[in-house]
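Student: I would like to learn how to read the features of a protein model. Could we go through one together?

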Amino acid sequence: MDQGRTDELGNKEFLVFVTGGPMKVLRHQRRKNPFFQEPRLKKPVVLDSTSFEELVGELKQFRLSAKLTQAQLGKLLGSNQAAISKFEQGSTNPTISFLLNFAKALKFKLTFGIKK
């Protein structure tokens with residue numbers, strides 16, 4: 001019976017169990033393996049450190065100019081003060097939706113560009 005894909009650690013996607021006994025017909029059942037990990041992107045997109053620090057610094061200045069505390073901004077974003085603090089310290093990698101919501105909460109426009 002097919003056990004599906006294999007992850008990077010060698011875990012099969014499904015575990016196969018044989019049920020029944022000497023008096024019953026043997027059956028094979030597939031169950032999801034709890035240790036199987038879905039494949040991820042090989043290399044996540046990460047900004048270089050100077051660009052990231054500049055972006056975070058500018059966003060922090062926008063928050064301060066709007067006279068909002070981290071807790072108040074967290075409430076506007078549906079998050080908490082700790083998450084905003086970690087973002088401003090540069091210890092988390094924000095999603096694009098987080099950045100767009102951040103801009104919307106502070107009433108400014110965030111644009112993305114490409115440079116060579």
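Student: At what angle do helix α2 and helix α3 pack, and how far apart are their axes?

Tutor: Two remarks come before the answer. This is a predicted model, in which local features need pLDDT of at least 70 and side-chain atom pairs count only at pLDDT 80 or more, while totals for chains, interfaces and linings use all residues. Residues are numbered from 1 along each chain as its sequence is written, and side-chain values use heavy atoms, with hydrogens and water left out.

Tutor: Helices (H or I, at least four residues) and strands (E, at least two) are DSSP runs, numbered from the N terminus. An axis is a line fitted to C-alpha atoms, for helices over the stretch in contact, and angles run from 0 to 180 degrees between N-to-C directions. Here α2 (residues 70-77) and α3 (residues 81-89) pack at about 110 degrees, with their axes 7 Å apart. That makes α2 roughly perpendicular to α3; angles under 35 degrees count as roughly parallel, over 145 as roughly antiparallel, 65 to 115 as roughly perpendicular and the rest as oblique.

Student: Which residues of α2 and α3 meet?

Tutor: Contact means heavy atoms within 4.5 Å. From α2 come Gln70, Ala71, Leu73, Gly74 and Leu77, and from α3 come Gln81, Ile84, Ser85 and Glu88. By class, this contact has 4 nonpolar, 4 polar and 1 charged residues. Ala, Val, Leu, Ile, Met, Phe, Trp, Tyr, Cys and Pro count as nonpolar, Asp, Glu, Lys and Arg as charged, and the others, Gly among them, as polar.

Student: Which residues are buried in α2?

Tutor: Buried means under 20% relative accessible area, exposed means over 50%, and partly exposed lies in between (1.4 Å probe, protein chains only). In α2, Gln70, Leu73 and Gly74 are buried. These buried residues fall within an arc of 105 degrees when seen down the axis of α2, so they line one face of the helix. The arc is that of the directions from the helix axis to the C-beta atoms. Lys75 and Leu76, on the other side of α2, are exposed. The cover over the buried residues of α2 includes α1, α3 and α4.

Student: Which residues of α4 are buried, and which are exposed on the other side?

Tutor: Helix α4 covers residues 96-105, and its buried residues are Phe98, Leu99, Phe102, Ala103 and Ala105. They cover an arc of only 165 degrees around the axis, which puts them on the same side of α4. Ile96 and Lys104 are exposed on the other side. The buried residues of α4 pack against α1, α2 and α3.

Student: How many residues does the largest nonpolar core have?

Tutor: In soluble globular proteins, nonpolar side chains tend to be buried together. A nonpolar core is a set of buried Ala, Val, Leu, Ile, Met, Phe, Trp, Tyr and Cys residues joined through side-chain atoms within 4.5 Å. In this model the largest one has 15 residues, and those with the most contacts inside it are Leu73, Phe87, Phe102 and Phe108. Helices α1, α3 and α4 each supply at least two residues of this core, and α4 gives the most, with 5 residues. Leaving aside residues up to four places away in sequence, Phe102 touches Leu59, Leu73, Leu77, Phe87 and Phe108.

Student: What is the phi of Lys67, and where does Lys67 lie?

Tutor: Most residues other than glycine have a negative phi, and most peptide bonds are trans. Lys67 has a phi near 60 degrees, a positive value in a residue other than glycine. Lys67 lies in the loop between α1 and α2 and is exposed, with a relative accessible area of 73%. Lys107 also has a positive phi near 60 degrees. Lys107 is in the segment after α4 and is exposed, at 77% relative accessible area. Gly78, which follows α2, has a positive phi near 75 degrees.

Student: Is Asn33 buried or exposed?

Tutor: Asn33 is found in the loop between β2 (27-32) and α1 (49-65). Its relative accessibility is 8%, so Asn33 counts as buried. Not counting residues up to four places away in sequence, Asn33 touches Asn11, Lys12, Glu13, Phe14 and Leu15.
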